[in-house]
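Student: Could you walk me through how to read the features of a structure like this one? I'd like the general idea each time, then the case at hand.

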Amino acid sequence: MRLFTGLDLPEEVVRNLETLQARLRPAARIQWSPPANLHITTKFIGDWPDERLADLTAALSRIPAPAIPVHILNLGFFPNPHAPRIFWCGIEAPGLGALAAETDQAASAIGIPAETRPFSPHLTLARIKEKPDLQPLREAVAALPSREFGRFEARSFFLYQSILRPTGSVYTKLAEFPLSK
């Protein structure tokens, strides 16, 4: 099983991002993420044996974390604007870094490699595989009336399974873990 943990987005935020993608899509021939797949990853686990799924869910269920206020805003490119591979939407969420660290620690305790890169919360709006002319996309972003796409309070995080298909990844929620108030 290919797994990761993350936060789900409320329908209103997904609709806002879907509207954003529809507005920007004509400006760039890049691989846009399906709105239904948008989420905030807190830990990429990778391949995990089916028979150890109970160990993982038990470890994740012990993570102590409060509810997290989330603000979706701003747009940018990873790793940088000059050699982009990801077009993203930013996240401001006090406490999200702590949840990611706790998740990493819980996963490490059962044998999942610890993350070596700093946590950088974002929503992947599109992947950039070739080197298209992104100037029209930059101009479309500059013309946006706002770069704020919603706010919500995350009251739980999820364990997701990712199944790779020729048409793109399909994500399925396997378990939900409540965050305390």
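This is a predicted model: local features need pLDDT of at least 70, side-chain atom pairs count only at pLDDT 80 or more; totals for chains, interfaces and linings use all residues.

Student: Okay, how many salt bridges does the structure hold?

Tutor: The count is six salt bridges. One of them joins Asp 8 and Lys 173, with the closest N and O atoms 2.4 Å apart. Asp 8 sits in the loop between strand S1 (2-7) and helix H1 (11-24), while Lys 173 belongs to strand S9 (residues 168-178), so this pair ties together parts that are 165 residues apart in sequence.

Student: Are Asp 8 and Lys 173 buried, exposed or partly exposed?

Tutor: The general idea is a percentage scale: buried means under 20% relative accessible area, exposed over 50%, partly exposed in between. Asp 8 comes out at 29%, so it is partly exposed. Lys 173 has 41% relative accessibility and counts as partly exposed too.

Student: What about the salt bridge of Asp 104 and Lys 43?

Tutor: In general, side chains of opposite charge can pair when their charged atoms come close. Here the N to O distance between the side chains of Asp 104 and Lys 43 is 2.7 Å. Asp 104 is part of helix H3 (residues 96-109) and Lys 43 of strand S3 (residues 40-47), so the pair links parts that are 61 residues apart in sequence. Both residues are buried, and Lys 43 has a relative accessibility of 4%.

Student: What else does Lys 43 have around it?

Tutor: A polar atom of the Lys 43 side chain lies 2.8 Å from the backbone oxygen of Pro 113. Leaving aside residues up to four places away in sequence, Lys 43 touches a list of residues including Phe 4, Thr 5, Thr 103, Ala 107 and Glu 115.

Student: And where does Thr 124 lie?

Tutor: Thr 124 is in strand S6 (residues 122-127). Its relative accessible area is 17%, so Thr 124 is buried. The side chain of Thr 124 makes a polar contact with the side chain of His 122 at 3.4 Å. Beyond residues up to four places away in sequence, Thr 124 touches Ser 33, Leu 38, Ile 86 and Phe 87.

Student: Which residues are buried in helix H2 (residues 53-61)?

Tutor: Those are Leu 56, Ala 59 and Leu 60. They fall within an arc of 95 degrees seen down the axis of H2, so they line one face of that helix. The buried residues of H2 pack against S1, S3, H3, strand S8 (156-165) and S9.

Student: Last one: which residues touch the most other members of the largest nonpolar core?

Tutor: That core has 53 residues, and the ones touching the most other members are Leu 9, Leu 17, Ile 40, Val 70, Ile 72, Phe 87 and Leu 137. Take Val 70: among the residues it touches, not counting those up to four places away in sequence, are Leu 7, Ile 40, Ile 91 and Phe 152.

Methods:
Residues are numbered from 1 along each chain as its sequence is written. Side-chain values use heavy atoms; hydrogens and water are left out. Helices (H or I, at least four residues) and strands (E, at least two) are DSSP runs, numbered from the N terminus. Buried means under 20% relative accessible area, exposed over 50%, partly exposed in between (1.4 Å probe, protein chains only). A polar contact is a pair of N or O atoms within 3.5 Å; within protein, one must be able to donate a hydrogen and the other to accept it, and residues adjacent in sequence count only if both atoms are side-chain atoms. Contact means heavy atoms within 4.5 Å. A salt bridge is a side-chain nitrogen of Lys or Arg within 4 Å of a carboxyl oxygen of Asp or Glu. A nonpolar core is a set of buried Ala, Val, Leu, Ile, Met, Phe, Trp, Tyr and Cys residues joined through side-chain atoms within 4.5 Å. The arc is that of the directions from the helix axis to the C-beta atoms.
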